[in-house]
Amino acid sequence: MNFRSFIHAGLAALAVGATAFATPASAGATLDAIRQRGTLKCAVQGPSNPGFGVPDNQGRWQGFNVDLCRAVAIAIFGNGDKIEIAALTTQTRFPALTSGEVDLLTNNTTYVQLRETQLRFNFPAITFYDGQGILVPKKLNVTQVRQLDGATVCVQPGTTTELNLADYFRKLNISFKPVVIQSRDELTRAYAEGRCDALTSDATVLAAQRSTLANPSEHVILEERLSKEPLGLTVRRGDDDFRVLVTWVFNALVNAEELGITRANVDQMLSSGDPQIRRFLGVEPGLGSSMGVSDKYAYEIVKALGNYGELYEKYLGERTPLGIPRGLNRLWTEGGILYVPPAR
């Protein structure tokens with residue numbers, strides 16, 4: 001065998017080996033199962049999380065995270081109602097995803113290294129940049145975490161929140177007494193009843209839970225943030241087709257806002273002469289079919305739900321009971337860090 005033949009044979013062997021490792025036997029299994037079942041199963045924070053996921057009077061789930069689930073269903077089925085919602089706790093969400101009980105976690109799961117490397121989950125998109133905060137009654141006159149030395153703090157078990165709390169108090173060389181309760185609603189009830197001095201969670205969750213208290217204005221979220229909390233959509237590792245689809249569904253919501261495409265003007269935008277908008281909305285084919293869905297998937301999502309900014313303002317923004325400023329979740333062109341790859 002001459003040198004050139006040796007090189008060609010070696011490259012062929014490497015290609016075969018790479019294919020064997022890069023294409024697991026289960027590739028595509030999740031997406032195939034969803035299509036066969038006829039519904040997408042998504043997990044939200046149970047029993048409810050105002051702004052992000054709550055059932056209405058008819059039992060229909062509404063909220064920011066629920067609409068993220070609907071967006072993926074629209075891409076797969078062309079119908080955002082083809083979803084099943086499972087309200088899970090922080091301790092039951094990961095077993096449910098691993099076992100296949102749900103296909104997608106939309107319930108504000110923090111993207112951290114060990115969840116990807118040890119639990120072997122993938123995070124197709126960061127949907128919300130948050131930070132852990134602490135909620136306290138105004139009557140305590142507390143303005144800094146350091147003033148909570150020796151306080152009792154309500155916290156959910158089995159979360160990065162619990163670890164961050166311990167780390168932050170240790171860094172400040174102060175102590176606390178944890179009140180650990182798994183159910184978020186029961187945890188908030190314990191805080192409301194005065195069984196703990198403070199309640200800690202992601203700042204957005206605290207805003208949601210504060211809105212359920214008898215007198216929300218009597219409670220304040222401290223300005224300090226104990227951690228970075230990039231909250232993301234979560235899927236099982238091993239189905240790249242589904243992971244890629246979830247990624248580009250979320251990207252479509254953000255790109256639509258950046259392109260100025262809204263629920264109100266999306267039909268008008270179909271006649272745009274901008275080649276980027278024409279590709280994005282499927283007027284010029286290729287983007288959707290490359291993922292095995294309709295080329296008009298982005299059009300259908302925006303037509304039904306709106307863009308990222310519209311969803312934010314509808315469920316979380318300053319005109320809602322939560323009143324959360326967009327802050328870091330503004331587009332990168334508007335002073336935030338919300339930035340996704342272009343659709344092309």
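A crossing of two helices is left-handed if the near helix is turned anticlockwise from the far one by less than a right angle, and right-handed if clockwise. By this rule, α3 passes α12 in a right-handed crossing. The structure is a predicted model, in which local features need pLDDT of at least 70 and side-chain atom pairs count only at pLDDT 80 or more, while totals for chains, interfaces and linings use all residues. Residues are numbered from 1 along each chain as its sequence is written, and side-chain values use heavy atoms, without hydrogens and water.

Helices are DSSP runs of H or I with at least four residues, numbered from the N terminus. Helix α3 spans residues 64-77 and helix α12 residues 297-305; they pack at about 140°, with axes 9 Å apart. Axes are lines fitted to C-alpha atoms over the stretch in contact, and angles run from 0 to 180 degrees between N-to-C directions. In contact (heavy atoms within 4.5 Å), D67, R70, A71, I74 and A75 of α3 meet Y297, E300, I301, A304 and L305 of α12. These residues comprise seven nonpolar, no polar and three charged.

An automatic or database assignment divides the protein chain into domain 1 (29-110 + 239-321) and domain 2 (131-229). Their centres, taken over C-alpha atoms, are separated by 31 Å. The contact takes 15 residues from domain 1 and 17 residues from domain 2.

Definitions and conventions
Helix = DSSP H or I, 4+ residues; strand = E, 2+ residues; numbered from the N terminus. Nonpolar A, V, L, I, M, F, W, Y, C, P; charged D, E, K, R; others polar.
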